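Hello,

Please find the structure below, with the sequence. My notes follow.

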Amino acid sequence: MSERPDRKASVPSASEEGDAPTTDVEAVDDATRQERSAEADAPGDVEDGGLPLLPGAAGARRSAAWASPALDVPPAGPTLSFGFNLAKVAGQGEDSDPIVRDGRELGLVAVFDGMGGAGGTVYETPDGPHTGAYLASRIARDVVEERMLALLDPEWNLDGPAAARELQRSVKRALLDALTGLNAPKSGLRSRLLRALPTTMALMALQRREPRTGRWAGHLFWSGDSRVYVFDPASGAHQLTRDDLRDAGDALVNLRQDSVVSNAMSADTDFVVHHHEVALTAPFLAVAATDGCFGYVRTPIHFEHLVLAALQESTDTRSWSQALQQRIVAVTGDDAAMAVIGVGADHEEFRRLFAARTAELEQRCVVPLDELEAEVGRAGQAVAEARRRHAALQTSLWGQYKPGYERYLGREEER
């Protein structure tokens with residue numbers, strides 16, 4: 001993402017996001033982290049293999065904890081991280097690249113999902129036409145990354161409620177400035193469902209509670225229905241953010257029914273940035289994801305299994321990211337972005353720690369559910385075939401019966 005000092009007059013270009021349908025933001029494990037710790041903040045650098053590293057935000061105050069190797073102070077802080085952005089249509093994806101930041105004492109993951117339905121208005125920009133959803137997710141991402149890098153520091157506890165208010169004010173101002181710079185024509189026929197530059201946000205900021213401990217504070221900030229999860233080796237996946245939906249329901253209900261998002265960032269409506277704090281103990285995985293990652297699976301159980309099964313079949317962080325992307329592409333009907341940080345263990349240890357959980361999910365939940373779903377599918381096909389044969393027999397028998405039945409009705413033309 002290039003720096004845009006004048007948000008009022010400029011908007012993100014297609015070249016900044018890349019035209020490829022998949023963007024790997026970062027795939028780093030502890031073996032490579034120490035080698036490049038001194039250059040992690042340099043914009044434009046790439047890892048071996050050509051994957052772009054996430055550039056720093058313009059003007060953000062940087063703590064030394066962000067640039068230090070993760071393994072300097074045991075037990076380990078973040079030891080692996082990666083993110084990706086999968087666009088259904090190359091160059092037109094309305095999810096922004098995720099935020100993935102980690103250091104010895106700190107971590108940050110965030111995703112932004114431009115709302116294509118509400119933000120379908122197309123704006124002419126110097127880089128060609130883009131929807132409001134496309135623009136909004138990228139504007140919000142840059143503002144939030146800059147503010148969080150300035151607010152997060154290992155020397156003091158983050159004031160979560162104050163940070164939420166700061167994020168709300170900063171994003172609102174940036175979206176309003178961008179909308180003014182776009183010179184969008186005003187229409188008197190505006191639907192209540194349309195929004196100017198709408199996007200969701202889901203973010204978790206991690207701070208180590210005390211030096212040399214595995215205790216961490218996780219600050220959650222969100223607007224909309226993107227989510228943050230924590231994956232615990234003993235207890236599995238836990239959703240940490242509550243979906244902002246008009247029709248309240250749990251995660252399974254929300255898979256079965258579509259509901260309108262009740263709160264999201266935008267330039268022309270009021271919105272709230274929620275805050276919630278959780279206490280975490282390493283090792284754990286922090287995962288931020290847009291609904292393209294979790295909204296098309298059969299159950300929330302399947303989403304956990306999707307993430308962990310990809311981990312089990314991988315050999316390193318990069319191959320885990322690639323396997324996860326392949327699994328999501330196979331099921332999703334939307335753009336999909338995800339950011340992952342692992343705290344307290346390296347890739348191989350996470351594989352070992354989650355092996356039993358993955359096997360249990362597969363044997364006790366996923367396989368039985370999938371087998372029954374396949375049985376339901378076969379039964380549905382049998383019912384459809386039986387209905388077809390029933391309708392054909394009914395038509396055939398009626399054709400034979402009809403002449404006698406209508407003998408005294410006379411010919412149609414005589415009536």
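W398, Y401 and Y405 make up a nonpolar surface patch with about 390 Å² of accessible area together. A patch of this kind takes Val, Leu, Ile, Met, Phe, Trp and Tyr residues with over 30% relative accessible area and no salt bridge, their side chains joined within 5 Å; areas come from the Shrake-Rupley method with a 1.4 Å probe, and only the protein chains shown count as cover. W398 sits in helix 10 (residues 347-405); helices are DSSP runs (H or I, at least four residues) and strands likewise (E, at least two), numbered from the N terminus. W398 is partly exposed at 39% relative accessibility, a class between buried (under 20%) and exposed (over 50%).

This is a predicted model: local features need pLDDT of at least 70, side-chain atom pairs count only at pLDDT 80 or more, and totals for chains, interfaces and linings use all residues. Residues are numbered from 1 along each chain as its sequence is written, and side-chain values use heavy atoms, leaving out hydrogens and water.

The structure holds 19 salt bridges, each a side-chain nitrogen of Lys or Arg within 4 Å of a carboxyl oxygen of Asp or Glu.

- R169 and E166 meet at 3.3 Å, N to O; the two are three residues apart in helix 5 (residues 160-182), about one helical turn.
- E277 pairs with R209, the closest N and O atoms being 2.4 Å apart. E277 is in strand 11 (residues 274-281) and R209 in the loop between strand 7 (201-208) and strand 8 (215-223), so this pair ties together parts 68 residues apart in sequence.

Regards

Methods:
Patches are made of residues with over 30% relative accessible area and no salt bridge: like charges are joined within 9 Å, nonpolar side chains (Val, Leu, Ile, Met, Phe, Trp, Tyr) within 5 Å. Buried means under 20% relative accessible area, exposed over 50%, partly exposed in between (1.4 Å probe, protein chains only).
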